[in-house]
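Here is a short report on one protein chain. Look at the sequence and the 3D view, then read on.

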Amino acid sequence: MKGADDKPRNIVLCKDCLEVLESKHRHDFVQCSCENQTYTDGGIDYQRIGGKDLSRIEIIESPRQRK
Ligand SMILES: [Zn+2]
């Protein structure tokens, strides 16, 4: 089922602190506050994620998933 709002979004979850991070603009760099330093950047133009341990990061939504 597709929702009415299918705009691309850039959201990741840090599995260590369970913080949800959403980058809303191209230069909106958002980072969680735990030791893994999970971050996402790029807004809806691209998704650049990082952190000390990438396996501790779950991508909730990626703008590239758009169909
Ligand atoms: Zn974290």
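Is glutamate 58 buried, partly exposed or exposed? Glutamate 58 counts as partly exposed because 13 other C-beta atoms lie within 10 Å. The cut-offs are these: 20 or more other C-beta atoms within 10 Å of its own make a residue buried, 12 or fewer make it exposed, and partly exposed is in between, with C-beta atoms placed from the backbone.

## About the model

This is a predicted model, where local features need pLDDT of at least 70 and side-chain atom pairs count only at pLDDT 80 or more, while totals for chains, interfaces and linings use all residues. Residues are numbered from 1 along each chain as its sequence is written.

## The chain as a whole

The chain has 0 helices and 6 strands. Helices (H or I, at least four residues) and strands (E, at least two) are DSSP runs, numbered from the N terminus. Of the 67 residues, 21% are buried.

Two residues are in contact if their C-beta atoms, placed from the backbone, lie within 7 Å. Take the contacts with a separation of 6 or more: 32% of them join residues 24 or more positions apart.

## Glutamate 58

Glutamate 58 sits in strand E6 (residues 57–61). Beyond its neighbours within four places in sequence, it contacts Val12, Leu13 and Lys15. Valine 12 is 46 residues away along the chain, yet the two C-alpha atoms are 5.6 Å apart.

## Valine 30

Valine 30 belongs to strand E3 (residues 30–31). It is partly exposed because it has 18 C-beta neighbours inside 10 Å. Outside four places in sequence, valine 30 contacts Leu21, Glu22, Ser23, Tyr39 and Thr40. Its C-alpha atom is 6.4 Å from that of aspartate 41, 11 residues apart along the chain.
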